Amino acid sequence: MARRLVEQLSAALAARREQHLYRSRRIVQSAPGAEVVIDGKRCLSFCGNDYLGLANHPEVVKALLLGAARYGVGSGASHLISGYGSAHHALEEELAAFTRRPRALLFSTGYMANLGVVGALAGRGDVVLEDRLNHASLLDAGLLSGARLLRYAHADTRDLEKKLVARTGRRIVIASDGVFSMDGDIAPVPELSRIARQHDAWLMLDDAHAFGVLGKTGGGTQEHFGSAVDDVPILVGTLGKALGTFGAFVAGSEELIETLIQQARSYIYTTALPSAIAEATRVSLRLAQTEHWRREKLFSLVRRFRSGAARMGLNVSRSETPIQPLLMGDNETTLRLAEQLYARGILTGAIRPPTVPKGQARLRITFSVAHDEPHVDRLLEALAELAPAVR
């Protein structure tokens, strides 16, 4: 029986290779930055999420080391046993203040935060409605919750309303990414908020790729639109992207956070985030709030890339965020272009199904404050050399 299983797995892996869907890991041998060392080769990297360039910031690194010296490397227990410390408490209070919510709650990862929220708030007899292009963690959360999961067309509030009109449930949760991770576009939060109020539904926003990035102070999607705090009762953010550390949080009302502490399985039944990470994040959160030049530089780089791509006639999506997908269509062409860029010392992400819909493979190009204008120009020059493949 075991031999048959191995043969089945081998055949399935071979099929993935033939379809150009096989994924391979590269070994990173340096700290995050504009340039990284991959498998011994120095490359210009355009595939990370360190949007504000804080992952290797000296002050953040120093805070991590001091935190480890004081609290140790691991937290030693789950949150409700003895793993929740003063550093966690301080960071939660600072995140709550920054997001202008009564409370915030730390989770070990964004995936666990989404699973915990949806699982605690929705179950059998409830309805969860999600954007079709939501992150896998939100979609998995809806599936695992036991509620009825309905997916509406991407950013299509009319389709959402149609699905809501015919649905009744003990509780209704509408969940959406703030910035969509593979397309870089922004969810229509004001309309989602209006619809949620009209139908007495909870609105949950996963702001992983917007927190620290969008808005004058980095407040995220809501600040970008000027929406009121109450328009989004459930806000999820990650610490491992713009803030450059690790983990995630949920911000909301006193009642919401207490409910998650009591009922979110991915919070209760896991080891707490290390206190040293919390101390490092407190520093990166302060830097993200006070050093506004980081966002200004980041979006200047995005505009420079988009201007150059437009002159070349590249099929870049309409995104105005640091996520700039170069749409290719088929898997083989996408992989080939990624390898050609890698041969020129430029690293990008080759994104294929099921991460994106079939026929929508793309290079996912992302920008960071760690980049400078010559880096952007080098990328554009390389794409110009490969013009037949990218048009």
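Predicted model: local features only at pLDDT ≥ 70, side-chain atom pairs only at ≥ 80, totals over all residues.
The walk begins with helix H1, which covers residues 2-18. At 1.5 Å a residue, its 17 residues should span 24 Å, and the C-alpha atoms at its ends are 25 Å apart, which agrees. After H1 comes His-20, whose phi is positive, near 60 degrees. An α-helix has 3.6 residues a turn, so residues three or four places apart point the same way. Arg-3 is exposed because its relative accessible area is 67%, and the cut-off for exposed is over 50%. Glu-7, at 46%, counts as partly exposed.

A search of the whole structure finds 20 salt bridges. Glu-373 belongs to helix H15 and Arg-304 to helix H13 (residues 293-312), and 69 residues separate the two. Glu-373 is partly exposed at 38% relative accessibility, and Arg-304 is partly exposed with a relative accessible area of 32%. Helix H15 also holds Glu-385, whose partner Arg-344 sits in the loop between helix H14 (331-343) and strand S11 (346-347), 41 residues apart from it. In this salt bridge between Glu-385 and Arg-344 the closest N and O atoms are 3.0 Å apart. Here Glu-385 is exposed, with a relative accessible area of 55%, while Arg-344 is partly exposed at 36%. Elsewhere, Glu-94, Glu-279 and Arg-282 are linked in a network of salt bridges.

Strand S10 (residues 323-329) runs antiparallel to S13 and is joined to it by six bridges. One of the pairings sets Leu-326 with its bridge partner Leu-363 in S13. Strand S12 (residues 349-351) is also antiparallel to S13, with three bridges between them. Gly-349 stands opposite Arg-364 of S13.

Between S13 (361-366) and helix H15 (373-385) lies a loop that contains Ser-368. Ser-368 is buried because its relative accessible area is 9%, and buried means under 20%. The side chain of Ser-368 reaches the backbone oxygen of Asp-50 at 2.7 Å. Not counting residues up to four places away in sequence, Ser-368 touches Asp-50, Tyr-51, Gly-53, Leu-298 and Leu-301.

In soluble globular proteins, nonpolar side chains tend to be buried together. The largest nonpolar core has 79 residues, and those touching the most other members are Leu-95, Leu-129, Ile-174, Phe-305, Leu-326 and Phe-367. Leaving aside neighbours within four places in sequence, Ile-174 is in contact with residues including Leu-129, Tyr-152, Ile-195, Trp-202 and Met-204. A second, separate core has 27 residues, among them Val-117, Val-236, Leu-256 and Ala-264.

Note on methods:
Residues numbered from 1 in each chain as written. Heavy atoms only, no water. Helix = DSSP H or I, 4+ residues; strand = E, 2+ residues; numbered from the N terminus. Expected span 1.5 Å × (residues − 1). Buried < 20%, exposed > 50% of the residue type's maximum accessible area, 1.4 Å probe, protein only. Polar contact = N/O pair within 3.5 Å; in protein donor to acceptor, adjacent residues only side chain to side chain. Contact = heavy atoms within 4.5 Å. Core = buried A, V, L, I, M, F, W, Y, C linked by side-chain atoms within 4.5 Å. Salt bridge = Lys/Arg side-chain N within 4 Å of Asp/Glu carboxyl O. Pairing = 2+ DSSP bridges.
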